[in-house]
Amino acid sequence: MITPRRINQGTTSRPEPLTGGAGLYDHSARDAVSPTGVRFAGIGALILTVGVAAWLVSANPAFENGKAGGTPNQLAPVAQAAVLEPGSPAAEGAQIIATKPCVGCHTIPGIPGATGQVGPNLAGVAGRTKIAAGAVTINSPDDLKKWILNPAALKPGTAMPNVGLTDDEATKIVAFLETLK
Ligand code: HEC
(Lines give C-alpha, C1' and ligand atoms only; values in the text may rest on other atoms or scores of the structure.)
Protein backbone atom coordinates (compact mmCIF):
# COMPACT_ATOMS: atom_id res chain seq x y z
CA MET A 1 0.00 0.00 0.00
CA ILE A 2 1.20 3.45 -0.83
CA THR A 3 0.89 6.08 1.94
CA PRO A 4 0.46 9.64 0.58
CA ARG A 5 3.20 11.93 1.73
CA ARG A 6 2.06 14.54 4.24
CA ILE A 7 3.55 17.94 4.02
CA ASN A 8 4.08 19.80 7.27
CA GLN A 9 0.86 18.63 8.86
CA GLY A 10 1.68 16.91 12.08
CA THR A 11 4.18 16.70 14.83
CA THR A 12 4.93 13.10 14.22
CA SER A 13 6.56 13.49 10.89
CA ARG A 14 9.44 15.86 10.30
CA PRO A 15 8.25 18.96 8.41
CA GLU A 16 9.36 19.12 4.87
CA PRO A 17 11.60 22.12 4.26
CA LEU A 18 9.50 24.85 2.68
CA THR A 19 10.45 25.80 -0.79
CA GLY A 20 8.22 28.80 -1.45
CA GLY A 21 5.31 28.90 -3.76
CA ALA A 22 4.20 25.47 -2.62
CA GLY A 23 0.64 26.46 -1.77
CA LEU A 24 -1.82 29.02 -0.45
CA TYR A 25 -0.68 28.80 3.15
CA ASP A 26 2.99 28.67 2.50
CA HIS A 27 4.47 31.57 4.44
CA SER A 28 8.04 30.84 3.70
CA ALA A 29 8.53 34.35 2.41
CA ARG A 30 8.02 36.24 5.67
CA ASP A 31 7.65 40.03 5.91
CA ALA A 32 11.06 41.57 6.34
CA VAL A 33 9.85 43.52 9.41
CA SER A 34 7.83 41.92 12.18
CA PRO A 35 4.23 43.12 12.76
CA THR A 36 5.22 44.40 16.21
CA GLY A 37 8.01 46.43 14.69
CA VAL A 38 5.63 47.99 12.19
CA ARG A 39 3.18 48.87 14.96
CA PHE A 40 5.88 50.68 16.93
CA ALA A 41 7.03 52.52 13.81
CA GLY A 42 3.46 53.70 13.16
CA ILE A 43 2.94 54.97 16.70
CA GLY A 44 6.37 56.62 16.60
CA ALA A 45 5.55 58.46 13.37
CA LEU A 46 2.25 59.69 14.85
CA ILE A 47 3.96 61.06 17.97
CA LEU A 48 6.63 62.75 15.81
CA THR A 49 3.98 64.41 13.59
CA VAL A 50 2.02 65.78 16.53
CA GLY A 51 5.24 66.97 18.15
CA VAL A 52 6.47 68.82 15.04
CA ALA A 53 3.03 70.39 14.47
CA ALA A 54 2.88 71.63 18.08
CA TRP A 55 6.37 73.08 17.75
CA LEU A 56 5.54 74.88 14.48
CA VAL A 57 2.46 76.49 16.04
CA SER A 58 4.34 77.60 19.15
CA ALA A 59 7.24 78.97 17.05
CA ASN A 60 4.96 81.16 14.88
CA PRO A 61 5.25 84.81 16.03
CA ALA A 62 1.67 85.50 14.90
CA PHE A 63 0.46 83.50 17.90
CA GLU A 64 2.24 85.72 20.43
CA ASN A 65 0.10 87.39 23.06
CA GLY A 66 -1.34 90.79 22.28
CA LYS A 67 -0.69 90.65 18.57
CA ALA A 68 -3.29 90.17 15.90
CA GLY A 69 -2.05 88.31 12.85
CA GLY A 70 0.28 90.28 10.63
CA THR A 71 3.85 91.47 10.98
CA PRO A 72 4.84 94.64 12.86
CA ASN A 73 5.79 96.18 9.50
CA GLN A 74 2.24 96.00 8.23
CA LEU A 75 0.90 97.55 11.40
CA ALA A 76 3.46 100.37 11.74
CA PRO A 77 2.03 102.97 9.26
CA VAL A 78 -1.28 102.98 11.13
CA ALA A 79 0.52 103.60 14.41
CA GLN A 80 2.18 106.79 13.05
CA ALA A 81 -1.07 108.77 13.04
CA ALA A 82 -1.78 110.89 16.09
CA VAL A 83 -4.92 110.31 18.13
CA LEU A 84 -7.18 113.27 17.41
CA GLU A 85 -9.63 114.66 19.93
CA PRO A 86 -13.15 114.36 18.47
CA GLY A 87 -14.55 117.76 17.50
CA SER A 88 -11.17 119.51 17.59
CA PRO A 89 -10.07 121.57 14.52
CA ALA A 90 -7.48 118.86 13.75
CA ALA A 91 -10.14 116.13 13.77
CA GLU A 92 -12.34 118.25 11.49
CA GLY A 93 -9.35 118.92 9.26
CA ALA A 94 -8.75 115.18 8.95
CA GLN A 95 -12.34 114.73 7.80
CA ILE A 96 -12.09 117.61 5.33
CA ILE A 97 -8.78 116.50 3.81
CA ALA A 98 -10.23 113.02 3.22
CA THR A 99 -12.85 114.55 0.88
CA LYS A 100 -10.35 116.69 -1.09
CA PRO A 101 -8.11 115.85 -4.05
CA CYS A 102 -5.11 115.94 -1.66
CA VAL A 103 -5.52 112.19 -1.04
CA GLY A 104 -5.03 111.38 -4.71
CA CYS A 105 -1.58 113.01 -4.74
CA HIS A 106 -0.30 112.53 -1.18
CA THR A 107 0.19 109.66 1.21
CA ILE A 108 -1.17 110.97 4.52
CA PRO A 109 -0.93 109.00 7.80
CA GLY A 110 -4.27 108.49 9.50
CA ILE A 111 -6.34 109.27 6.39
CA PRO A 112 -7.85 106.09 4.94
CA GLY A 113 -7.30 105.90 1.19
CA ALA A 114 -4.69 108.68 1.12
CA THR A 115 -2.05 106.73 -0.75
CA GLY A 116 -1.14 109.16 -3.54
CA GLN A 117 2.40 109.17 -4.92
CA VAL A 118 2.41 112.38 -7.00
CA GLY A 119 3.49 114.69 -4.18
CA PRO A 120 5.63 114.10 -1.08
CA ASN A 121 4.46 111.85 1.74
CA LEU A 122 3.00 114.19 4.34
CA ALA A 123 4.18 112.06 7.29
CA GLY A 124 6.24 114.38 9.50
CA VAL A 125 5.30 117.52 7.52
CA ALA A 126 4.76 119.49 10.77
CA GLY A 127 8.45 119.25 11.52
CA ARG A 128 9.64 120.64 8.16
CA THR A 129 11.00 124.18 7.90
CA LYS A 130 11.41 123.86 4.13
CA ILE A 131 8.82 122.34 1.81
CA ALA A 132 8.31 121.99 -1.93
CA ALA A 133 11.86 120.75 -2.46
CA GLY A 134 13.30 123.58 -0.38
CA ALA A 135 11.64 126.41 -2.33
CA VAL A 136 9.22 127.42 0.44
CA THR A 137 10.22 128.28 4.01
CA ILE A 138 7.78 127.41 6.79
CA ASN A 139 8.10 129.55 9.94
CA SER A 140 4.58 129.07 11.25
CA PRO A 141 1.36 127.14 10.56
CA ASP A 142 0.23 130.26 8.71
CA ASP A 143 2.91 129.67 6.06
CA LEU A 144 1.62 126.13 5.56
CA LYS A 145 -1.89 127.53 5.17
CA LYS A 146 -0.70 130.01 2.51
CA TRP A 147 0.88 127.11 0.66
CA ILE A 148 -2.18 124.86 0.53
CA LEU A 149 -4.44 127.83 -0.38
CA ASN A 150 -2.28 128.85 -3.32
CA PRO A 151 0.92 126.89 -3.95
CA ALA A 152 1.89 128.71 -7.14
CA ALA A 153 1.91 132.05 -5.29
CA LEU A 154 4.84 130.77 -3.20
CA LYS A 155 6.53 128.62 -5.86
CA PRO A 156 5.69 129.58 -9.45
CA GLY A 157 5.39 126.58 -11.70
CA THR A 158 4.84 124.04 -8.90
CA ALA A 159 3.02 120.84 -9.79
CA MET A 160 0.68 121.21 -6.82
CA PRO A 161 -2.57 122.89 -7.88
CA ASN A 162 -4.84 125.28 -6.02
CA VAL A 163 -7.73 122.97 -5.11
CA GLY A 164 -10.03 125.85 -4.10
CA LEU A 165 -10.19 125.54 -0.31
CA THR A 166 -12.12 128.04 1.78
CA ASP A 167 -10.16 129.89 4.47
CA ASP A 168 -11.91 127.85 7.18
CA GLU A 169 -11.13 124.53 5.44
CA ALA A 170 -7.48 125.52 5.08
CA THR A 171 -7.23 126.48 8.78
CA LYS A 172 -8.60 123.10 9.86
CA ILE A 173 -6.49 121.13 7.38
CA VAL A 174 -3.38 122.89 8.69
CA ALA A 175 -4.46 122.08 12.27
CA PHE A 176 -4.51 118.45 11.17
CA LEU A 177 -1.18 118.67 9.28
CA GLU A 178 0.39 120.08 12.47
CA THR A 179 -0.32 116.72 14.14
CA LEU A 180 1.89 114.91 11.60
CA LYS A 181 5.11 115.25 13.53
C1 HEC B 1 -2.31 117.13 -8.31
C2 HEC B 1 -1.60 116.62 -7.18
C3 HEC B 1 -1.67 117.34 -5.86
C4 HEC B 1 -2.79 117.67 -5.14
C5 HEC B 1 -4.25 117.50 -5.54
C6 HEC B 1 -2.30 118.22 -3.90
N7 HEC B 1 -0.97 118.23 -3.85
FE8 HEC B 1 0.21 118.83 -2.32
N9 HEC B 1 1.84 118.58 -3.46
C10 HEC B 1 1.86 118.07 -4.74
C11 HEC B 1 3.21 118.15 -5.26
C12 HEC B 1 3.66 117.68 -6.62
C13 HEC B 1 4.01 118.74 -4.25
C14 HEC B 1 5.46 119.11 -4.32
C15 HEC B 1 5.50 120.53 -4.86
C16 HEC B 1 6.86 121.05 -5.26
O17 HEC B 1 7.88 120.53 -4.80
O18 HEC B 1 6.85 122.02 -6.04
C19 HEC B 1 3.10 118.99 -3.13
C20 HEC B 1 3.51 119.52 -1.90
C21 HEC B 1 2.71 119.61 -0.81
C22 HEC B 1 3.16 119.98 0.51
C23 HEC B 1 4.60 120.26 0.89
C24 HEC B 1 5.23 118.94 1.27
C25 HEC B 1 6.75 118.96 1.27
O26 HEC B 1 7.31 118.35 2.20
O27 HEC B 1 7.35 119.49 0.33
C28 HEC B 1 2.07 119.97 1.33
C29 HEC B 1 2.03 120.26 2.82
C30 HEC B 1 0.93 119.61 0.52
N31 HEC B 1 1.35 119.38 -0.77
C32 HEC B 1 -0.36 119.50 1.00
C33 HEC B 1 -1.45 119.32 0.17
C34 HEC B 1 -2.82 119.40 0.62
C35 HEC B 1 -3.26 119.67 2.06
C36 HEC B 1 -3.60 119.18 -0.47
C37 HEC B 1 -5.12 119.23 -0.56
C38 HEC B 1 -5.73 120.47 -0.11
C39 HEC B 1 -2.72 118.93 -1.60
N40 HEC B 1 -1.43 119.01 -1.17
C41 HEC B 1 -3.16 118.65 -2.87
C42 HEC B 1 0.80 117.57 -5.42
C43 HEC B 1 -0.53 117.73 -5.05
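A residue counts here as near a molecule or strand if its C-beta atom, placed from the backbone, lies within 6 Å of it.

**Before you start**

This is a predicted model, in which local features need pLDDT of at least 70, side-chain atom pairs count only at pLDDT 80 or more, and totals for chains, interfaces and linings use all residues. Residues are numbered from 1 along each chain as its sequence is written.

**Whole chain**

Colour by secondary structure to begin. The chain has 7 helices and 2 strands, and along the sequence they follow the pattern α-α-α-α-β-β-α-α-α. These elements are DSSP runs numbered from the N terminus, with helices being H or I of at least four residues and strands being E of at least two.

Next, colour by burial. A residue is buried if 20 or more other C-beta atoms lie within 10 Å of its own, exposed if 12 or fewer, and partly exposed in between, with C-beta atoms placed from the backbone. Of the 181 residues in the chain, 13% are buried.

Among contacts between residues at least 6 apart in sequence, 43% join residues at least 24 apart.

**The ligand**

Which residues are the closest to the ligand? They are Cys102, Cys105, Gly119, Ile131 and Met160, out of 25 residues that surround the ligand. Helix H4 (residues 102-105) gives the largest share of this shell, 3 residues.

Now colour the shell by class: Ala, Val, Leu, Ile, Met, Phe, Trp, Tyr, Cys and Pro count as nonpolar, Asp, Glu, Lys and Arg as charged, and the others, Gly among them, as polar. The shell divides into 18 nonpolar, 4 polar and 3 charged residues.

**Helix H7 and its partners**

Select H7, residues 167-177. Its buried residues are Ala170, Lys172, Ile173, Val174, Phe176 and Leu177, and they pack against helix H3 (89-98) and H5.

Two packed helices are described by the angle between their axes and the distance between the axes. Axes here are lines fitted to C-alpha atoms, for helices over the stretch in contact, and angles run from 0 to 180 degrees between N-to-C directions. Angles under 35 degrees count as roughly parallel, over 145 as roughly antiparallel, 65 to 115 as roughly perpendicular and the rest as oblique.

H3 and H7 pack at about 105°, with axes 7 Å apart, which makes H3 roughly perpendicular to H7. On the H3 side, show Pro89, Ala90, Glu92, Gly93, Ala94, Ile96 and Ile97; they meet Glu169, Thr171, Lys172, Ile173, Ala175 and Phe176 of H7. By class, this contact has 8 nonpolar, 2 polar and 3 charged residues.

Pro141, Leu144, Lys145, Ile148 and Leu149 of H5 make the contact with Ala170, Thr171, Ile173, Val174 and Leu177 of H7. These residues divide into 8 nonpolar, 1 polar and 1 charged.

Which of its residues are buried? Leu144, Trp147 and Leu149 are, and their cover includes strand E1 (130-131), strand E2 (136-137), helix H6 (151-154) and H7.

**Loops worth a click**

Go to the loop between E1 and E2, where you will find Ala132 and Ala133. Ala132 has a positive phi of about 50° although it is not a glycine, and phi of Ala133 is near 55°, also positive. Ala132 counts as partly exposed because it has 18 C-beta neighbours inside 10 Å, while Ala133, with 9, counts as exposed.

Move to Lys100, in the loop between H3 and H4. With 17 C-beta neighbours inside 10 Å, Lys100 is partly exposed.

Finish at Val83, in the loop between helix H2 (72-80) and H3. Is Val83 buried or exposed? Val83 is exposed, because 8 other C-beta atoms lie within 10 Å. The C-alpha atoms of Val83 and Gly110, 27 residues apart along the chain, are separated by 8.9 Å.

Notes
Two residues are in contact if their C-beta atoms, placed from the backbone, lie within 7 Å.
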